[in-house]
Amino acid sequence: MHLQDTLAVLQENVAQTLPENAIGTQLRLAAAAQRPLVIKLGFDPTAPDLHLGHAVVLRKLRQFQDLGHTIVIIIGDFTARIGDPTGKNKSRPPLSAAQVAANAQTYIGQLGKILDTDKCHIRFNSEWLEPMDMAAVIGLLSQVTLAQILQRTDFHNRFSKNIPITMHELIYPLLQGHDSLQVNADIEMGGTDQLFNCSMGRHMQEAAGQAGQAVLCMPLLRGIDGSAKMSKSEGNTIGLTDAPEAMFGKVMSIPDALLPEYITLATHATSTEKQAMIKALEEGLNPMQVKKQVAFHIVQLYHNPEAALAAQRFFEQQFQQRNPEHKQYKPVLRNSLALNERPGLVTLCKALKPDLSKAQLRRLIGAASVTVNNVKVTDPEQPVDLSLLPVKIKLGKRDYFEIS
C-alpha cells in the first residue's frame, strides 16, 4: 500500500496526535530502519469486561497490526492496584491483587474479538514495577516536577477547588510513562482522556535517552445514556461479550443524537456506507431505521451475520410487537429458583434478574413496570404463588420470564 493510502487509513477518526504529524513521521522512520513500529496500548483491568469504547482504540490497533507492525498490550496489573483517577474528581478505589488477576484473564480473552492475539506481545507491568526499591522510585520521581503533574486537567481542577489529591495518584502517570520506557514504544495509543499520561511516557523516554514515543488519541465514545463517556463505572456500556440480543437492544436504546457518533466510531461499515447512513439521517429518514442498521453492523462485527439477523428479529418481536402474548418469554424452571412457594415480588425479581439491586427493582415495581401474568403490580412485597404454574413475569421493557 502506498504511503499516502496507508496514512489515510491510519488517520481516519484519530482525534489528536503528538506531535502533529506523528503517524507519517513514525512510518517513514520505521521504513528507513526497515523494522515494524512498536505500538503500545495499556489497560488497567479494573472491570471484567471490555466494551465498545475500548473497541474504538482496539480497531485502530488492528489496522496497524494488519500492516505488519508490532502490538504491545500492557496489562496494568500493578497500576490497577493504585487507581488512575483520569477524568474523575476523586481518586479511583484501588483493587485487590485477586480482583485484578481475575479481570486481566478475561481481558486477554476478549482482545481476540478484535486483535490477532497470537501476534500481540502481552506484558504485565508488575514485571518491572513490583521489583522497584525505594531508590528506584525516588529516581523515577526526580524526573518530573510537581508543576508538570498539576498540568493534568483533573489534578489542576481538584487542586484549585481544594479537593484532596493523594500522593499515590500523582505517581500514577509516571508509572504509565515508565511502561513505555520498558517496552521502547514508538507510539502509545489511548483515548483523548489519556493524552497527559501518554505524553508523560514520551517525556520519560527522552529523559532516558530513548526516542520519545508519538501519542495517538482516539475519540471517547459516549455511553448509551448519551452523556458520559462509555464506562463500567457509569453503567452505560455495550460489552464486547454481550449476547447478540442484549447488544442489539442496547444500541437501539441510544439517543437519536448519538447515531452519527456510533456510525462513525462503532461500526465496521465502509466510509461510503457511513456517509450514506449519516446523509439519510440528515435528510429525515426515521432514526429507528438507521439505528437498526447500526445495531446490525455492531452485532455482526462481534458475533456473526446470523446472530445479527436473529437479534433484530428478537428486538422487533419484543419491542415493536404490541400484543404481550406474542412476546418471547425466557423459560425458567421452578426448581432452579431457591425460593419458597410464595416469595415477595421483589425477591422473585431479584432471583430472575440478579444483576439488578433490590433498590432498582423496587423502583421498577413502584413505577408499574412489572407485571405478573399480564397484571401490573406496584407492591414490592406482594406474594407470588409459584404453586400455580406457569407464571409470566414482565420486568421493565426488555425482560420477559416464564416460570414453569
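Modeller: Start with a definition: angles from 65 to 115 degrees between axes count as roughly perpendicular. Keep in mind that this is a predicted model.

Biologist: How are H3 and H14 oriented to each other?

Modeller: Helix H3 covers residues 52-66, and helix H14 covers residues 287-302. Their axes come within 14 Å and cross at roughly 70°. That angle falls in the range from 65 to 115 degrees, so H3 and H14 are roughly perpendicular.

Biologist: What is the handedness of the crossing of H3 and H14, and how many charged residues does the contact have?

Modeller: The crossing is left-handed. On the H3 side, the contact holds Leu52, Ala55 and Arg59. On the H14 side, Ile298, Leu301 and Tyr302 meet them. By class, five are nonpolar, none is polar, and the number of charged residues is one.

Biologist: Now H9 and H10: at what angle do they pack, and which term describes it?

Modeller: Two packed helices are described by the angle between their axes and the distance between the axes. Helix H9 (residues 167-183) and helix H10 (residues 195-207) have axes 7 Å apart. Their angle is about 55°. That makes H9, relative to H10, oblique.

Biologist: Which hand does the crossing of H9 and H10 have, left or right, and how do its contact residues divide by class?

Modeller: The crossing of H9 and H10 is right-handed. From H9, the contact includes Tyr172, Pro173, Leu174 and His178. From H10, Phe196, Cys198, Met200 and Met204 are among the residues involved. The division is eight nonpolar, seven polar and no charged.

Biologist: What is the bridge partner of Thr371 in E9?

Modeller: Strand E8 spans residues 370-372. E8 and E9 pair in the antiparallel sense over two bridges. In E9, the partner of Thr371 is Lys376.

Biologist: Gln34 has a positive phi. Is Gln34 buried or exposed?

Modeller: Gln34 is not a glycine, yet its phi is about 55°. Its place is the loop between H2 and strand E2 (38-43). The relative accessible area is 75%, and over 50% counts as exposed, so Gln34 is exposed.

Biologist: What is the relative accessible area of Asn162, and where does Asn162 lie?

Modeller: Asn162 also is not a glycine, and its positive phi is about 60°. Asn162 lies in the loop between helix H8 (153-160) and H9. Asn162 is exposed, with a relative accessible area of 72%.

Notes
Residues numbered from 1 in each chain as written. Predicted model: local features only at pLDDT ≥ 70, side-chain atom pairs only at ≥ 80, totals over all residues. Heavy atoms only, no water. Pairing = 2+ DSSP bridges. Helix = DSSP H or I, 4+ residues; strand = E, 2+ residues; numbered from the N terminus. Axes fitted to C-alpha atoms, helices over the stretch in contact; angles between N-to-C directions. Parallel < 35°, antiparallel > 145°, perpendicular 65-115°, else oblique. Left-handed = near helix turned anticlockwise from the far one by under 90°. Contact = heavy atoms within 4.5 Å. Nonpolar A, V, L, I, M, F, W, Y, C, P; charged D, E, K, R; others polar. Buried < 20%, exposed > 50% of the residue type's maximum accessible area, 1.4 Å probe, protein only.
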